[in-house]
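Visitor: Before we look at any particular model, I would like to learn how the packing of two helices is read.
Guide: Two packed helices are described by the angle between their axes, together with the distance between those axes.

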Amino acid sequence: MQLKNDLLLRAARGEKTERTPVWLMRQAGRILAEYRAVRDSVSGFIELAQTPELAAEVTIQPVDILDVDAAIIFSDILVVPEAMGLPYEMVEKRGPWFPQPVRSHSDLKKLRVADGENDLKYVLDAIQITKKALNGRVPLIGFAGAPWTIFAYMVEGSGSKTFSKSREMLYRDPVFSHKLLQLITDSTINYFKAQIRAGADLVQLFDSWAGILGPKQYTEFSLNYISQICDAITEVPVTVFAKGAFFAREEMGQLNCQTIGLDWNMGIAESRKLIGSSKTLQGNLDPAALYGNPDQVRAATIEMMEQFRGSRHVANLGHGVYPDIDPEMVKVFIQTVKEFK
C-alpha cells in the first residue's frame, strides 16, 4: 500500500523531506481521555493489549487526535518473555511483575525461543487491523524491548531502582547471562520479522535500562545483542533507543540501523559528532518541557529544532510522554515542529 505520508521512512533512510517528521513515544496512552475510556472498558492493560481490535483503536487515536506522522502499535515490551514461557502480571500502581523470575540454569530450560507468528499472534492481528484502518495515512511502527532490558525484568521479577539482582547475575554467572540474552535475542528477531510480515513499516528497539550498566558491561551484555538484531532486520528501517547510554554513542554509530534515539540528557551537537552523519537522530525534547504554557513549549521546541537543523532528524521527546501532561501542550509541540522552517 502506498503511504500518503512517508516522511518518517524517508527521514530514517536519510532522504530529502519537506519538513521534519514528528511522533511521540507513549503517544498511544494515558494522556488521552479517549484511551482511558477504552481501557476502562476492559479488566486492565494486558486485556487491552491482547484484544487486537481495541489495541488497534488506541494505536490510531493519536493519529486522529494529535496529528502525528506515525502510529506505533499499542503493546508492551514484556510480551516477549511471556511468549518465551514466562508469564507476567501488570499490578496497578506497581507495574509489571513476574511471579517466577529466571535465576538458574534449570529455569532457563523451561524457556523457549518465541516463534513470533503463533506465540504473539494477537500483536500481529492488531498490526493487520491497524494497517487496514490507517489506509496508508501514516507509517506504522512496530517495537520490542532490547535484550538487556528484557533480561533485567526476567531476572529481577519486577521493576527496580537498581536492578541489582540482574546486574549481580552478569558478574556471578556470565554463562547463564549470555544464554538467556541469546534466547531473548533470537525471540526478538523472530518477533520483529513477524511484525514486518504483518505490516510494520519500521521497528524500534527500546533499551530502557541501558543506563544502569557501565560501558564495558553494556558493550558485552547489551550492544552485542542489539547488533545481532540490527544485522538480522534488513526489510525495514530500524531505530535503537537506549536510555542513559550516553557513553555508548560512538559504538551505536556503528550499528547496522538507520536511526538512533537520543534521551533528553544527550547533547545534540555532541551526539552528532560521536554518532556520525550516516545515522538519523531521533528526539530529544525533555518530556517535562511539555508542562509549560504554549509559549514555553513553543520556545523549547524551537530551541531543540535549531540544534538539529541541517541534519537527519525525526522529532520526538527524549523519553515517553508523561501521563499527566496536557494533550493540548502535546499538540503545540507537534504543530511547532511542523511549522519549523
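Guide: In this predicted model, helix 4 (residues 52-65) packs with helix 7 (residues 121-134) at an angle of about 45°, and their axes are 8 Å apart.

Visitor: Is helix 4 roughly parallel or oblique to helix 7?
Guide: Helix 4 is oblique to helix 7, because angles under 35 degrees count as roughly parallel and 65 to 115 as roughly perpendicular. The crossing of helix 4 and helix 7 is right-handed.

Visitor: Which residues of helix 4 and helix 7 make the contact?
Guide: On the side of helix 4 they are Pro52, Glu53, Ala55, Ala56, Thr59, Ile60 and Val63, and these meet Tyr122, Asp125, Ala126, Ile129, Thr130, Ala133 and Leu134 of helix 7.

Visitor: Turning to annotation, which residues does UniProt list for "binding site"?
Guide: The unreviewed UniProt entry lists Arg26, Gln27, Ala28, Gly29, Arg30, Asp76, Tyr153, Ser208 and His319 under that term. They are spread over 294 residues of sequence and are also spread in space, with up to 23.1 Å between C-alpha atoms. The lining of the largest pocket takes in residues from this set, including Asp76, Tyr153, Ser208 and His319.

Methods
Residues are numbered from 1 along each chain as its sequence is written. This is a predicted model: local features need pLDDT of at least 70, side-chain atom pairs count only at pLDDT 80 or more; totals for chains, interfaces and linings use all residues. Side-chain values use heavy atoms; hydrogens and water are left out. UniProt positions are given in the numbering used here, feature names are shortened, and annotations may be inferred rather than shown by experiment. On a 1 Å grid over the protein atoms alone, a cavity is a set of points where a 1.4 Å probe fits but cannot get out, and a pocket is an open set with protein on both sides within 12 Å along at least five of seven lines; lining residues have an atom within 4 Å of a point. Axes are lines fitted to C-alpha atoms, for helices over the stretch in contact, and angles run from 0 to 180 degrees between N-to-C directions. Helices (H or I, at least four residues) and strands (E, at least two) are DSSP runs, numbered from the N terminus. Angles under 35 degrees count as roughly parallel, over 145 as roughly antiparallel, 65 to 115 as roughly perpendicular and the rest as oblique. A crossing is left-handed if the near helix is turned anticlockwise from the far one by less than a right angle, and right-handed if clockwise. Contact means heavy atoms within 4.5 Å.
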